[in-house]
Amino acid sequence: MPQGSVVRPLLFLIYINDSVKASKFNTVLYADDTNLHISGKNHEILEKTVNHELKKIDHWVRANKLCINCSKSNFMLMNNHRNINFSVSINHYPISKQSSLKYLGVISDYKLNWKPQIEKLVTQLSKSCGMLFKL
């Protein structure tokens, strides 16, 4: 195995691990994905906190000559109230709000419901059964 194939990802992980200290978010790093988690009871205060902490993350990213792909970034509010106005942006670029997200291979919605995951599995199993039937 060429030396570069192991060293580069390892150096990247060591380099990016410092990002956890850049803000008050609970940060989960998985390969080249980063998930930021924060909670609060008042959604107005939470919105201000999220945008303030994202400015810190953006500052850290720019200082380390990295970039955030805002078109692939999104957020989800986990609560029982679906119609809360909540806007999140990174450097004036709006981040899209989603009703369900895939996190470490598991899809969940804003109520932590398994329905989106089950629907995906049913689709995959149906395709596999159809292929086996044809064989």
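**Strands, core and surface**

Author: In the hairpin of β4 and β5, 2 residues sit between the strands, and Asn91 takes a positive phi near 55°. This is a predicted model, where local features need pLDDT of at least 70 and side-chain atom pairs count only at pLDDT 80 or more, while totals for chains, interfaces and linings use all residues. Residues are numbered from 1 along each chain as its sequence is written, and side-chain values use heavy atoms, with hydrogens and water left out.

Reader: How many bridges join β4 to β5, and do they run parallel or antiparallel?

Author: 3 bridges join them, and the two run antiparallel. Strands here are DSSP runs of E with at least two residues, helices are runs of H or I with at least four, and both are numbered from the N terminus. Two strands pair if DSSP finds at least two bridges between them.

Reader: Which residues are partners there?

Author: Ile90 stands opposite Tyr93 in β5, and Ser89 has Pro94 as its bridge partner in β5.

Reader: What order do the strands of the open sheet take?

Author: The order is β3-β5-β4, 3 strands with mixed pairing. β3 (74–75) and β4 (88–90) are the edge strands, each pairing on one side only. On the β3 side, 2 bridges join β3 to β5, and these strands run parallel. Phe75 stands opposite Lys97 in β5.

Reader: Back to Asn91. Is that residue buried, partly exposed or exposed?

Author: Asn91 counts as partly exposed because its relative accessible area is 45%. The cut-offs are under 20% for buried and over 50% for exposed, with partly exposed in between (1.4 Å probe, protein chains only).

Reader: What does Asp58 touch?

Author: Leaving out residues up to four places away in sequence, Asp58 touches Ile90 and Asn91, where contact means heavy atoms within 4.5 Å. Asp58 is in helix α2, and it counts as buried because its relative accessible area is 13%.

Reader: Switching to the core. Which residues touch the most other members of the largest nonpolar core?

Author: Val50, Leu54, Phe75, Phe86, Val88 and Ile95 do, out of 17 residues. α2 (43–63) and β4 are the elements that give two or more residues to this core, and α2 has the largest share with 6 residues. A nonpolar core is a set of buried Ala, Val, Leu, Ile, Met, Phe, Trp, Tyr and Cys residues joined through side-chain atoms within 4.5 Å.

Reader: What about the loop between β7 and α3?

Author: Leu112 is found there, with a positive phi near 55°. Leu112 counts as exposed because its relative accessibility is 54%.
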